[in-house]
Amino acid sequence: MLLVLSEDHKAHLSFLTKADGSVIEEFGRIALEFLRKGANPKIYEGAARKLCVPVGMVQHGVEGLMFLMTESSKHMISEVDFMDSVITLGFGEELNQSLLQLYMRHKHQVRSILSQLLCNQPAYHNLEWRLDVQLASRSVRQQIIPMVTIRLLLTSYDANSTHSCMDLQTDPSTLLHVISTLEAALAAMKTSHARRILRNIK
């Protein structure tokens with residue numbers, strides 16, 4: 001499995017071209033601390049002074065490295081797939097090897113941290129749907145009233161994995177509004193600001 005990195009992530013990680021192996025290892029440590037406790041502006045400021053670059057550049061570099069580490073560890077991608085994924089960043093061989101060593105050294109620790117961040121809410125298992133259309137009634141001979149019926153199947157990961165279902169019914173326009181709202185929420189959750197809030201709540 002190959003990672004798909006957005007242009008923003010590539011831009012954030014491009015900062016690492018200014019760093020040597022020891023700095024990348026330090027950034028890996030900062031990224032792990034970010035996962036555990038959230039962002040620490042003082043660490044960013046210290047690293048920025050040391051490298052003579054803006055604080056924002058350091059912060060984006062750490063966040064980009066954290067994304068690379070968490071996604072790679074989450075999917076337990078192989079060494080070959082990891083190298084094929086970072087090749088798209090256009091780094092040199094030495095930097096690619098440093099990133100690979102960082103991933104191999106910390107992937108189990110990252111997975112452990114991610115597992116502790118998981119909540120016990122029911123998770124999506126499957127979805128079934130049906131479209132019903134009412135074409136006429138006794139009072140109105142010609143009409144079209146579409147209705148979508150959805151059965152959402154959920155799994156609870158407790159001591160014994162249990163399944164449950166939820167039946168929902170809505171019209172297509174409301175369903176489209178719900179979908180657009182959820183997509184906006186997912187996009188917001190990927191921002192660094194939202195991740196900081198979640199870490200602080202924990």
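Modeller: Take L168, which sits in strand 3. Helices (H or I, at least four residues) and strands (E, at least two) are DSSP runs, numbered from the N terminus. The model is predicted: local features need pLDDT of at least 70, side-chain atom pairs count only at pLDDT 80 or more, and totals for chains, interfaces and linings use all residues. Residues are numbered from 1 along each chain as its sequence is written, and side-chain values use heavy atoms, with hydrogens and water left out.

Colleague: Is L168 buried, exposed or partly exposed, and why?

Modeller: Start with the cut-offs. Buried means under 20% relative accessible area, exposed over 50%, and partly exposed in between (1.4 Å probe, protein chains only). L168 has 39% relative accessibility, so L168 counts as partly exposed.

Colleague: Which residues does L168 contact, apart from its neighbours within four places in sequence?

Modeller: Contact means heavy atoms within 4.5 Å. With those neighbours left aside, L168 is in contact with V148, T149 and I150. Look at T149 in particular. T149 and L168 are 19 residues apart along the chain, yet their C-alpha atoms are separated by 5.8 Å.

Colleague: What about T170?

Modeller: T170 is also found in strand 3, residues 162–170. Its relative accessibility is 17%, so T170 counts as buried. Residues up to four places away are again not counted, and T170 touches M147, V148 and L175. V148 is also in contact with L168.

Colleague: Now the whole chain. How many helices and strands are there?

Modeller: The chain has eight helices and three strands. Along the sequence the pattern reads α-α-α-α-α-α-β-β-β-α-α. The chain has 202 residues, and 33% of them count as buried. For contact range, take contacts between residues at least 6 apart in sequence: 60% of these join residues at least 24 apart.

Colleague: How do I read helix packing? At what angle do helix 3 and helix 4 pack?

Modeller: Axes are lines fitted to C-alpha atoms, for helices over the stretch in contact, and angles run from 0 to 180 degrees between N-to-C directions. Helix 3 (residues 41–51) and helix 4 (residues 55–75) pack at about 115°, with their axes 8 Å apart. That makes helix 3 roughly perpendicular to helix 4. Angles under 35 degrees count as roughly parallel, over 145 as roughly antiparallel, 65 to 115 as roughly perpendicular and the rest as oblique.

Colleague: Is the crossing left-handed or right-handed?

Modeller: A crossing is left-handed if the near helix is turned anticlockwise from the far one by less than a right angle, and right-handed if clockwise. Helix 3 passes helix 4 in a right-handed crossing.

Colleague: Which residues meet there?

Modeller: From helix 3, Y44, E45, A47 and A48 meet V55, V58, Q59 and V62 of helix 4. The residues of this contact are six nonpolar, one polar and one charged. Here Ala, Val, Leu, Ile, Met, Phe, Trp, Tyr, Cys and Pro count as nonpolar, Asp, Glu, Lys and Arg as charged, and the others, Gly among them, as polar.

Colleague: Where does I30 lie, and what does I30 contact?

Modeller: I30 lies in helix 2, residues 21–37. I30 counts as buried because its relative accessibility is 5%. Beyond its neighbours within four places in sequence, I30 is in contact with I43, Y44 and V62.

Colleague: Last feature: how are aromatic rings described?

Modeller: A pair of aromatic rings is described by the distance of the centres and the angle of the planes. Rings of Phe, Tyr and Trp (its six-membered ring) pair if their centres lie within 6.5 Å; planes under 30 degrees apart count as stacked, over 60 as edge-to-face and the rest as tilted. By this rule the count comes to one aromatic pair. F82 and Y103 form that pair, stacked, at 4.8 Å centre to centre and 5° between the planes. The pair links distant parts of the chain, with F82 in helix 5 and Y103 in helix 6, 21 residues apart. Both F82 and Y103 are buried.
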